[in-house]
Amino acid sequence: MKQALPLATDRIAIIGAGHVGATTAYALMLRALSREIVLIDTDEALARSEAEDISDANALARPARIFAGNFADCASARIVVLTAGAATHGKESRLDVATRSAQIVRSCVSQLASAGFSGVLVVSANPVDLMALAAWRASGLAASQVIGTGTLLDSMRMRQEIAALLRVAPGSVTGMVLGEHGDSEVSVLSSVRIGGLPIDRYSATGAGLDGEKLAASVRAAAYRIISGKGYTSFGVATAAVRICEAILRAENTILPVSTLLTGQFGLSDIYLSLPCVLGAGGVERVLLPDLTAAEEAALRHSGAVLQQASGALTTK
């Protein structure tokens with residue numbers, strides 16, 4: 001398999017100039033992470049227009065080149081963010097769109113491989129765990145170089161909800177959602193800390209927190225947003241940018257992202273979110289969190305859901 005090259009460039013290419021792709025490019029520009037941002041889309045006019053619009057905004061930010069390009073421009077990219085995929089309609093779950101998305105992802109990754117891309121591939125197309133797996137299989141890259149945005153967004157949502165309930169800043173809340181980015185995800189409430197304290201020690205209000213209601217609300221967040229505006233964009237784009245930041249700055253920070261499992265919790269050959277150390281080469285290490293018996297059982301169930309969906313996907 002190809003290994004990540006020590007590219008001098010900080011170019012980031014984004015495949016898919018739709019809602020998520022354009023928002024990711026805009027957020028990257030505001031964060032001033034990269035001096036070159038390339039937008040690629042089958043609708044070339046859309047990619048050009050989004051790049052020009054973001055370039056206008058860049059006049060008040062740090063200098064960067066933002067342009068529409070093609071897969072050849074990915075050869076020297078440090079990171080490619082893959083947002084292209086099938087949209088979720090109505091009450092469809094993320095898994096419902098898997099077959100349609102997989103065809104798009106495989107086509108894009110095949111063109112990436114032909115262009116000679118050897119950096120880190122960040123996948124945010126839904127259903128992200130299955131699409132990250134499909135992307136890795138088609139890429140020729142090491143599994144550490146192919147990352148799904150996974151449950152980083154869900155973890156952000158959980159922290160926000162807990163912070164609002166306990167009336168503290170989200171930055172004071174630590175905790176993760178693991179497993180599938182979808183209906184079988186696992187809110188690991190046993191590891192949540194408020195200023196370093198477990199919820200039940202933080203306050204009497206914390207002791208009364210309804211964990212099941214909280215987890216259900218986090219799971220339903222995407223459906224609530226899609227029902228009102230038709231898609232999600234800002235949250236997942238911010239998650240993708242945070243992953244890019246960890247890679248470009250070689251942070252070795254720990255984030256819950258979707259990665260290839262190789263026996264963790266008895267699960268293999270699927271992509272699923274666990275805490276991962278993210279650095280210059282992508283996933284530097286996969287961590288095994290301490291879970292309660294119920295949380296571990298739920299995580300295994302989430303893996304089984306993804307294994308079944310993956311098996312169905314490969315037969316279509």
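This is a predicted model: local features need pLDDT of at least 70, side-chain atom pairs count only at pLDDT 80 or more; totals for chains, interfaces and linings use all residues.
Me: Let's start with S2. Which strands does S2 pair with, and in what sense?
Reply: S1, residues 12-15, is joined to S2 by four bridges, and the two run parallel. S2 also pairs with S3, residues 65-68, again over four bridges and in the parallel sense.

Me: What holds strands together in general?
Reply: Backbone hydrogen bonds do, in either a parallel or an antiparallel arrangement.

Me: Which residue of S2 does Ala13 stand opposite?
Reply: Ala13 faces Val38 in S2.

Me: How does the chain get from S1 to S2, and with what handedness?
Reply: The chain goes through helix H1, residues 19-31, in a right-handed β-α-β crossover.

Me: And what do S2, H2 and S3 make?
Reply: A right-handed β-α-β unit, with helix H2 spanning residues 44-58. On the pairing side, Leu39 has Ala68 of S3 as its bridge partner.

Me: How many of the five residues of S2 are buried?
Reply: Four of them, so S2 (residues 36-40) is largely enclosed by the rest of the structure.

Me: Changing topic: how many disulfides are there?
Reply: Zero, from a search of the whole structure. Cys74 is in none, and the nearest cysteine sulfur, in Cys108, lies 9.5 Å away.

Me: What about aromatics: how many pairs?
Reply: Zero aromatic pairs in the structure.

Me: Then what lies over the face of Phe67?
Reply: Arg65 does, at 3.7 Å from the ring centre.

Me: Back to strands. What is the order in the sheet with S7?
Reply: The order is S7-S10-S11, an open sheet of three strands with antiparallel pairing.

Me: Which strands stand at the edges?
Reply: S7 (173-174) and S11 (197-198) do; each has a single partner strand, so one side of each is left without a neighbour in the sheet.

Me: How many bridges between S10 and S11?
Reply: Two, in the antiparallel sense, with S10 covering residues 193-194. Ile194 has Leu197 of S11 as its bridge partner.

Definitions and conventions
Residues are numbered from 1 along each chain as its sequence is written. Side-chain values use heavy atoms; hydrogens and water are left out. Rings of Phe, Tyr and Trp (its six-membered ring) pair if their centres lie within 6.5 Å; planes under 30 degrees apart count as stacked, over 60 as edge-to-face and the rest as tilted. A charge sits over a ring if NZ of Lys or CZ of Arg is within 6 Å of the ring centre and within 35 degrees of the ring normal. Buried means under 20% relative accessible area, exposed over 50%, partly exposed in between (1.4 Å probe, protein chains only). Two strands pair if DSSP finds at least two bridges between them. A crossover is right-handed if, with the strands pointing away from the viewer, the path from the first strand over the helix to the second runs clockwise. A disulfide is a pair of cysteine sulfur atoms within 2.5 Å.
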